[in-house]
Amino acid sequence: MQLLEGIDKESLSLEELYSQPLVMLSPEAIGKSYYLMLENALQDGYAPTIAKVTDDVETEIFLIQNNDLIGFFPENYPLIDESVELKSLPIEGSHHQFEIVLAYLATEQNAAVQRLLELLK
């Protein structure tokens, strides 16, 4: 999750998170992840205030920087680095989790896929 720099915190509590307006990528842009975020918020006991919805990450970053909004990103998201004036903070005690999953056919014969699988093991 990202916040504007200048916030002197190392993490956010659920209360702090949900007391702030959020910007989200649209369901058209991120599919079921949008609805999973809402479900996770409800599991945490909160209803998020989604102030803005956008279709791309660049606009989301712009809205965070210029409208004092909070947005969700995976840890070490590649567009978030020292040149972008945002701070990444973990959420304390939340149901918000993500997993990177690789799916492939058990009968996959593509040499590039086979090599990738070998490297990942």
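## Strand pairing

Two bridges link strand 2 with strand 4 (residues 70-71), and these strands run parallel. This is a predicted model. Within that pairing, Val23 sits opposite Gly71 of strand 4.

Strand 2 also pairs with strand 3 (residues 49-54). The sense is again parallel, and the pairing covers five bridges. Strand 2 spans residues 21-25, and four of its five residues are buried. Strand 2 is therefore largely enclosed by the rest of the structure.

## Overall layout

The protein chain holds five helices and five strands. Read from the N terminus, the order of elements is β-α-β-α-α-β-α-β-β-α. The chain has 121 residues, of which 31% are buried.

Along the chain, Leu12 and Ser94 are 82 residues apart. Their C-alpha atoms are separated by 9.9 Å.

Asn40 is part of helix 3 (residues 32-43). Its relative accessibility is 15%, and Asn40 therefore counts as buried under that 20% limit. Asn40 also has a listed distance to Ser94. The two are 54 residues apart in sequence, and 7.8 Å separate them in space, C-alpha to C-alpha.

Asn67 is in helix 4. With 37% relative accessibility, Asn67 counts as partly exposed. How far is Asn67 from Leu22 in space, C-alpha to C-alpha? The distance is 9.9 Å, for residues 45 apart in sequence.

Asp68 lies in the loop between helix 4 (57-67) and strand 4. Asp68 is exposed, because its relative accessible area of 53% is over the 50% cut-off. What is the phi of Asp68? The angle is near 50°, a positive value in a residue other than glycine. Most residues other than glycine have a negative phi.

## A negative surface patch

The surface carries a patch of negative charge. Which residues gather there? They are Glu28, Asp55, Asp56 and Glu58.

Glu28 has a relative accessible area of 70%. That is over 50%, so Glu28 is exposed.

## Points to check in the viewer

- Strand 2: parallel to strand 3 over five bridges, and parallel to strand 4 over two.
- Ser94: 7.8 Å from Asn40 and 9.9 Å from Leu12, C-alpha to C-alpha.
- Asp68: positive phi in an exposed loop residue.

Definitions and conventions
Residues numbered from 1 in each chain as written. Predicted model: local features only at pLDDT ≥ 70, side-chain atom pairs only at ≥ 80, totals over all residues. Heavy atoms only, no water. Buried < 20%, exposed > 50% of the residue type's maximum accessible area, 1.4 Å probe, protein only. Pairing = 2+ DSSP bridges. Patch = residues over 30% accessible without salt bridge, like charges linked within 9 Å, V, L, I, M, F, W, Y side chains within 5 Å. Areas by Shrake-Rupley, 256 points an atom, 1.4 Å probe, with all protein chains shown as cover. Salt bridge = Lys/Arg side-chain N within 4 Å of Asp/Glu carboxyl O. Lys, Arg positive; Asp, Glu negative; His and termini not counted. Charge placed at Lys NZ, Arg CZ, Asp CG, Glu CD.
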